Amino acid sequence: MGKKQKNITTTISLPPEVHRLMDDLAEKVGATSKVEVIRRAIGVYDMIVRSYEQGYDIQQTKGDESNKIIFAELYLLRPK
């Protein structure tokens with residue numbers, strides 16, 4: 001195995017409602033900290049971006065309902 005990399009400490013300032021949202025998400029998904037919520041969120045966001053870059057559409061479904069999520073428009077990721 002390679003040499004373990006050191007973590008880099010980053011400080012962010014977030015409004016109280018974002019802190020409450022992170023607490024709620026941590027409880028819902030069993031995360032042990034806000035840092036874990038952020039790490040998981042970055043992982044999901046990375047997966048979405050990579051899928052979009054590969055030409056996949058993102059879609060949510062519930063029963064017979066289906067909604068295509070226009071990722072480029074929602075998140076300002078423009079095709080090259």
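Accessible areas here come from the Shrake-Rupley method with a 1.4 Å probe, and for residues only the protein chains shown count as cover. The model is a predicted one, where local features need pLDDT of at least 70, side-chain atom pairs count only at pLDDT 80 or more, and totals for chains, interfaces and linings use all residues. Residues are numbered from 1 along each chain as its sequence is written, and side-chain values use heavy atoms, leaving out hydrogens and water.

**Exercise 1. Surface and confidence**

Find the accessible surface of the protein, then see where confidence is lowest and highest.

Step 1. The surface comes to about 7600 Å², and carbon and sulfur atoms hold 54% of that.

Step 2. Now turn to pLDDT, the predictor's confidence in each residue, from 0 to 100. The average for the protein is 84, and 84% of the residues score at least 70.

Step 3. Helix H1 (residues 16-29) has the highest confidence, at a mean of 95, while helix H3 (residues 71-75) has the lowest, at 59. Where pLDDT is low, the predicted coordinates should not be read in detail.

**Exercise 2. Elements and hairpin**

List the elements in order, then describe how E1 and E2 are joined.

Step 1. Helices (H or I, at least four residues) and strands (E, at least two) are DSSP runs, numbered from the N terminus. The protein has three helices and two strands, in the order α-α-β-β-α from the N terminus on.

Step 2. Strands pair if DSSP finds at least two bridges between them. Strand E1 (residues 58-62) and strand E2 (residues 65-69) run antiparallel and are joined by five bridges. Across this pair, glutamine 59 faces lysine 68 in E2.

Step 3. Two residues lie between the strands of this hairpin, and glycine 63 in the turn has a positive phi of about 60 degrees.

**Exercise 3. Two helices and one alanine**

Work out how H1 packs with H2, and whether alanine 26 is buried or exposed.

Step 1. Axes are lines fitted to C-alpha atoms, for helices over the stretch in contact, and angles run from 0 to 180 degrees between N-to-C directions. H1 and helix H2 (residues 34-53) pack at about 80 degrees, their axes 9 Å apart. H1 is therefore roughly perpendicular to H2, a term for angles of 65 to 115 degrees.

Step 2. Contact means heavy atoms within 4.5 Å. Among the H1 residues that meet H2 are Met22, Leu25 and Ala26.

Step 3. Alanine 26 is buried (under 20% relative accessible area), with a value of 11%. Beyond its neighbours within four places in sequence, alanine 26 contacts Ala31 and Val37.

Conventions
Angles under 35 degrees count as roughly parallel, over 145 as roughly antiparallel, 65 to 115 as roughly perpendicular and the rest as oblique. Buried means under 20% relative accessible area, exposed over 50%, partly exposed in between (1.4 Å probe, protein chains only).
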